[in-house]
Amino acid sequence: MKRLMRLRATQHLRDLCAETEFNRAQLIQPFFVVEGLKQEEPIPGLRGNVRHNIPSALKQIEKDLAAGVTHFLLFPVPAEKKESGFSHDATQQTISEIRRQFGNSLCLWIDTCLCSCTTHGHCAVLDENGIKLDETLDELAKSALAFAQAGADGISPSDMMDGRVARIRAALDENGFNLVPVMSYSTKFASNFYGPFRNAADSAPQFGDRRGYQLDVRNRSGAIAASVRCTEEGADLLMVKPGLTSLDLIRPIHEATELQVGAYQVSGEYGGLSVLAEQGLIKFEEALLETWHVFKRAGAQYIITYGARYAKQLGI
Ligand SMILES: [Zn+2]
């Protein structure tokens, strides 16, 4: 008699039949470095994550490397907010100190956006008519080049402006960084699930919202088209964000582009697990692992998660 339960009866049988396997090297740990921060600050809702200054970031990376993390995604938070003409000195310093201390024992991706730099918290240079696209793309390309010059391994544009990947790719190639990959936030929705992050990165918009450039959650074809566009512009890796609310798009994007697609388990998703665990309602580590398996089952090649540093203790 057919019994589906038969193969679930023991751990050995469940392991035999498991279709998703983890490679710890496919997890990416985000971290925040805030210019001029006196001492590290907790981030409400993001268990195990704080806002760092450079010395505390270096200590954290050392611990994370010991815990088996190899990929890091830096969110630089400059002290001075401006309208345009952003300085990247502090971020360059962060990158070069990490490089100096840890050499090539880690792969360092840099989030590239303007929302932590601008007075208004939007991801673009604005005037009274709205987004100034050309200036925005110039600023993004300048940022990417500055980060590559300081020793970044990869550039990760998160702004959702049309044309950013092409402009960044051109700036890198023209300056001898043709082997620096671009991991594009290619399918990024306007979402409520970014809440804890915005506090961590000082990037909450001071007026309006980001629906004019981030994707509409109701729209599937536009979501796939955004990743196709990034592919045509020269992206090396693609991403869906938020991860859990975009599971249905991972395989279609991969099929449409033949590029590898990762999932960003964003702050609100991760924070949801943190808060439920604080209330004693779930087991944090097991719930975290469960979500990662689901990303893998949905076809995610890599996962950006605030809990990458727990992977080893979870047996990955
Ligand atoms: Zn942004």
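## Helix packing and the nonpolar core

The model is predicted.

**Helix 5**

- In helix 5, the buried residues are R164, V165, R167, I168, R169, A171 and L172.
- G176 follows helix 5 and has a positive phi, near 85 degrees.

**Helix 4 against helix 5**

- Helix 4 spans residues 133-150 and helix 5 spans residues 164-174; their axes come within 9 Å and cross at roughly 40 degrees.
- Angles from 65 to 115 degrees count as roughly perpendicular and those under 35 as roughly parallel, and helix 4 and helix 5 are therefore oblique to each other.
- The crossing of helix 4 with helix 5 is right-handed.
- Helix 4 contributes L137, L140, A141, A144, L145 and A148 to the contact, and helix 5 contributes R164, R167, I168, A171 and L172.
- By class, the residues of this contact are nine nonpolar, no polar and two charged.
- An α-helix has 3.6 residues a turn, so residues three or four places apart point the same way.

**Nonpolar core**

- The largest nonpolar core has 84 residues.
- Those with the most contacts inside this core are F72, A144, F147, A152, I155 and I168.
- Helix 4 gives the most to the core, with nine residues.
- A144 of helix 4 and I168 of helix 5 also take part in the contact between these two helices.
- Leaving aside neighbours within four places in sequence, A152 is in contact with I95, L108, I110, F147 and V180.
- In soluble globular proteins, nonpolar side chains tend to be buried together.

**Helix 2 against helix 3**

- Helix 2 (residues 54-66) and helix 3 (residues 89-102) pack with their axes 11 Å apart, at an angle of about 40 degrees.
- Helix 2 and helix 3 are therefore oblique to each other.
- Helix 2 and helix 3 make a right-handed crossing.
- On the helix 2 side the contact is made by I54, A57, L58, I61 and L65, which meet Q93, T94, E97, I98, Q101 and F102 of helix 3.
- The contact of helix 2 with helix 3 divides by class into seven nonpolar, three polar and one charged residues.

Methods
Residues numbered from 1 in each chain as written. Predicted model: local features only at pLDDT ≥ 70, side-chain atom pairs only at ≥ 80, totals over all residues. Axes fitted to C-alpha atoms, helices over the stretch in contact; angles between N-to-C directions. Helix = DSSP H or I, 4+ residues; strand = E, 2+ residues; numbered from the N terminus. Parallel < 35°, antiparallel > 145°, perpendicular 65-115°, else oblique. Left-handed = near helix turned anticlockwise from the far one by under 90°. Contact = placed C-beta atoms within 7 Å. Nonpolar A, V, L, I, M, F, W, Y, C, P; charged D, E, K, R; others polar. Core = buried A, V, L, I, M, F, W, Y, C linked by C-beta atoms within 7 Å. Buried ≥ 20, exposed ≤ 12 C-beta atoms within 10 Å, placed from the backbone.
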